[in-house]
Amino acid sequence: MPQRKETSHDFDVVKYFLQLLDEDKDLSSGIAAIRTLLMILEKKQFGTIHILHTTMRDAVAAMRNTDLSIAAIVSAGELFCRFITLSLDDKHMEECRQIMLNRGKIFLTKLQNSRQVIAQQAQRFISDGCRILTHSRSRVVLKALITASQNKKSFHVYVTQGGTGNPGEEMVRELHAAGIDCTLILDSATGYVMESVDFVMVGAEAVVESGGIINRIGSYTMGLCAREMKKPFYVLAESFKFTRLYPLNQRDLPNEYKYSRKHLHDVSKVHPLVDYTPPVYITLLFTDLGILTPSAVSDELIKLYM
């Protein structure tokens, strides 16, 4: 019996999104979200731009309901929809859909190259013999360190365990596999190690309008410690993580950013998964848009969302 061809009504947004992440452990949730939205654009027919916007918004909401960090999902989804729907006046819907598909593919290709761009920017800051402190596991930081090693640079990396699940252990295994000297340390050993490192290099789950970051819990503590000991604090983050959010303190972060969904009904007895590091503690941000000071982030956000 021939297999039934899948129709647009059969497409399961969450199933496809999670399958992408399961098939490629190195894929970020933001890129997976964009690939999912692009697949919706390919599979579904839309009568109007308004219906398309509604469908995309519903898809992002569905992906937010998974038990993953939502920061990159939200920012990537917003940027993707903004980019593909620019200047589509006076065109038939099918023509619009083809234009949006082409734009979406270009957008995705550019973002998929962003880690390599950022890794190259970081190379002049990683020198022979330097000692680096990083927090938990970051794919873009890992890419930068491996690139430096491939460029015949010798250095040592201290990696914190990173809280629940100890993702720092996986980071250490990957660094060892790449032939990079590294040491796994307790999160509470940050202050002890800080005085012996040359700089801190971390990733981010989101970059907010102030130039601060949302990242794995303990990043704020590391930023405080680095500033006190006058150590540069570098952030590596792709532009799809730039988000229109302006927290003033830890309490300003929405609970859905800080806690897993299963705990949102009562967060009084669980610890947050992420924290907010204000821009005052950040030296530079390495992005696919260039090397930015925290104060330059708001200008870049305006350009992205214009």
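1. In this predicted model, the interface between domain 1 and domain 2 buries about 1900 Å², and carbon and sulfur atoms give 53% of that area. The two parts come from the domain assignment of the protein, which places domain 1 at residues 13–114 and domain 2 at 118–305, and their C-alpha centres lie 26 Å apart.

2. Counted by residues, the interface brings 22 residues of domain 1 into contact with 20 residues of domain 2. Between the two domains there are 3 salt bridges, and a salt bridge also joins the side chains of Glu-78 and Arg-244, with an N to O distance of 3.6 Å. Polar contact across the interface of domain 1 and domain 2 is found for 6 residue pairs, both residues of each pair being at pLDDT 80 or more.

3. On the side of domain 1 that touches domain 2, the elements giving two or more residues are helix H2 (29–43) and helix H4 (71–84), and of these H4 gives the most, with 8 residues. The residues on this side of domain 1 divide into 9 nonpolar, 7 polar and 6 charged.

4. A separate point concerns Thr-147, which lies in helix H7, spanning residues 139–150. Thr-147 counts as buried because its relative accessibility is 5%, where the cut-off for buried is under 20%. With neighbours within four places in sequence left aside, Thr-147 is in contact with Ala-119, Gln-120 and Gln-123.

Key:
Residues numbered from 1 in each chain as written. Predicted model: local features only at pLDDT ≥ 70, side-chain atom pairs only at ≥ 80, totals over all residues. Heavy atoms only, no water. Helix = DSSP H or I, 4+ residues; strand = E, 2+ residues; numbered from the N terminus. Buried < 20%, exposed > 50% of the residue type's maximum accessible area, 1.4 Å probe, protein only. Contact = heavy atoms within 4.5 Å. Domains from an automatic or database assignment. Buried area = accessible area lost by both parts, 1.4 Å probe. Salt bridge = Lys/Arg side-chain N within 4 Å of Asp/Glu carboxyl O. Polar contact = N/O pair within 3.5 Å; in protein donor to acceptor, adjacent residues only side chain to side chain. Nonpolar A, V, L, I, M, F, W, Y, C, P; charged D, E, K, R; others polar.
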